[in-house]
Amino acid sequence: MTLEPSERVADVPPSGIRRFFELAEEMDDVISLGVGEPDFSAPWSAREAAITALERGQTSYTANRGKRKLREAIAADARRWNLEYDPDDEVLVTAGASEAIDLAFRALVDPGDTVAVAQPCYVSYTPGVTFSGGEVLDVPTRVEDEFILTPEALRAAGAESADLLVYCYPNNPTGATMDRSELAEVAAFCREHDVDVLSDEIYADLTYEGEHVSIAELDGMRERTIVFNGFSKAYAMTGLRLGYAMAPEEVIAAMNRVHQYTMLSAPTTAQHAGIEALRNCREDVEEMRSQYDRRRNFVLSRFEEMGIDCFEATGAFYVFPECPGDDAERFAEDLLEAESVAMVPGSAFGAGAEGHLRASYATGLEELREAMDRLERFVSST
Amino acid sequence: MEHADELLELLCENARYSTADLARFTGLSEATIEETIAELEAEGIIQGYTAVVDWDAVSDDRVQAHVELNVTLDRETSYRDVAERVAGFREVQGLRLVSGDYDFALEVEGENMREVSRFISDKVAPIPEITQTVTHYIMETYKQGGHRFDDGDDDDRLSVTP
């Protein structure tokens with residue numbers, strides 16, 4: 001065969017979500033709780049800034065690391081979480097947080113290195129490690145711990161020998177968040193065993209109980225952590241593809257070396273939107289957050305009334321109920337077939353997620369209500 | 001009434017939310033919701049409940065106008081006195097005292113333009129304190145009460161994404 005894919009790529013299976021997506025796409029009138037992005041549009045003033053930049057003809061590349069004004073705004077914003085990074089050397093603007101995470105794998109992982117991946121998690125970490133030639137070590141978290149990462153879970157998986165640990169809190173798909181003391185235990189483990197941390201904090205602003213804490217803030221962690229964030233979730237800018245990484249100078253330089261030869265720079269129009277978003281859109285973010293919180297309360301209440309077990313997720317825009325049936329994949333398919341409601345089986349998100357379903361509440365209240373009515377009807381009929 | 005603000009916000013968004021749903025959204029009990037709303041009504045903070053209607057979608061017959069009113073006052077006559085006389089008419093849907101080039105902003109509704117014009121010329125303009133009226137017919141409504149009209153609201157997101 002000509003143009004034969006590399007073994008590295010051929011070995012990575014297609015996303016587990018893919019098949020389910022195809023099923024849902026074939027149907028009409030689907031209410032989807034399977035969407036991993038906001039139902040809001042980006043704040044108007046951010047969109048307007050992007051339009052203005054286009055009108056002014058600002059369509060060239062930017063500096064590889066991103067526009068200085070944007071890096072300054074990012075560094076200033078990070079102080080909300082007690083993080084201090086130098087906008088010149090310690091911030092890298094990327095095409096979405098996904099690019100930043102991929103850059104980190106490519107910049108840090110040598111063939112044979114072990115990367116511990118806390119799961120269930122976003123679908124791209126494991127393939128990203130594989131593409132970089134690293135070995136993935138699954139670290140399942142447990143429903144008993146409300147899906148937070150614990151030293152016990154790390155030890156049980158044998159993560160003492162890992163070179164890197166990657167996780168995401170607030171978490172997709174579970175909606176779990178970690179507080180300061182819980183992170184401190186993970187930090188202690190990482191210091192003791194010399195494990196570096198890739199901390200995906202893309203949902204940081206969507207925290208509903210208490211304040212988001214970054215592990216990079218904790219003692220001795222800044223020098224061994226890369227923090228990832230972006231504009232997709234809190235600012236509802238998924239399609240603009242804008243994210244960033246913050247880390248010590250040497251790491252950012254290494255990531256930038258890959259970035260400059262591949263992406264060159266993040267989309268310029270999006271960077272203009274990003275500057276405005278950070279400067280003037282806090283209220284929009286707060287408004288969206290309060291809408292999500294309302295929906296979260298609603299969905300959790302309805303689950304409880306239906307007798308569906310679900311821990312109280314406190315972040316992102318997901319809840320992660322236990323599947324009322326024996327087989328979550330079967331249940332999700334039957335639910336889609338019978339009631340045209342889409343929820344994603346947990347197994348699509350890796351280890352520890354079996355028997356669960358991810359329900360996204362990034363959907364309007366009216367639709368959520370209809371979805372819950374349909375789910376209730378389905379559950380009571382089976 | 002510590003939850004008043006949140007409840008008012010929800011009711012302004014959709015006054016038809018059921019008590020049960022309001023309780024689910026806020027985490028309050030249904031009894032607290034009922035109590036708070038009853039108090040808000042009793043205190044006149046909630047003055048009423050109404051629907052946001054796109055009348056253009058129902059019929060072409062109904063006409064709305066925004067009318068500027070200028071008045072002169074004297075020792076015996078206040079803005080409130082004028083307002084009382086104007087607000088009493090069934091045709092008047094809204095009345096506000098505003099700052100700027102004119103005194104009152106009036107919302108009027110009628111079956112057709114002639115009816116609205118006649119109402120202004122026969123009933124409003126002759127009021128002694130009113131010195132000038134300027135009538136603006138509403139040609140198209142894009143947003144009202146926080147609701148966007150003709151907002152396609154198409155969800156073009158993929159139905160399942162990671």
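Domain bounds here come from an automatic or database domain assignment. For chain B, that assignment gives domain 1 (4-42) and domain 2 (55-140), and the C-alpha centres of domain 1 of chain B and domain 2 of chain B lie 34 Å apart. The model is a predicted one, in which local features need pLDDT of at least 70 and side-chain atom pairs count only at pLDDT 80 or more, while totals for chains, interfaces and linings use all residues. Residues are numbered from 1 along each chain as its sequence is written, and chains are lettered from A and ligands numbered from 1 in the order in which they are written.

Between the chains, 23 residues of chain A are in contact with twelve residues of chain B, contact being C-beta atoms, placed from the backbone, within 7 Å.

In chain A, helix H10 (residues 268-280) has 13 residues; helices (H or I, at least four residues) and strands (E, at least two) are DSSP runs, numbered from the N terminus. The buried residues of H10(A) include Ala270(A), His272(A), Ile275(A) and Leu278(A), where buried denotes 20 or more other C-beta atoms within 10 Å of the residue's own, with C-beta atoms placed from the backbone. The buried residues of H10(A) pack against helix H3 (44-55), helix H4 (68-78) and strand E2 (91-94) of chain A.

E2(B) pairs with strand E3 (residues 104-110) of chain B in the antiparallel sense over five bridges; pairing requires at least two bridges found by DSSP. Within this pairing, Gly94(B) stands opposite Glu107(B). E2(B) and E3(B) form a hairpin with six residues between them, and Gly100(B) in the turn has a positive phi of about 115 degrees.

How values were computed:
Two residues are in contact if their C-beta atoms, placed from the backbone, lie within 7 Å. The expected span of a helix is 1.5 Å times one less than its number of residues. A residue is buried if 20 or more other C-beta atoms lie within 10 Å of its own, exposed if 12 or fewer, and partly exposed in between; C-beta atoms are placed from the backbone.
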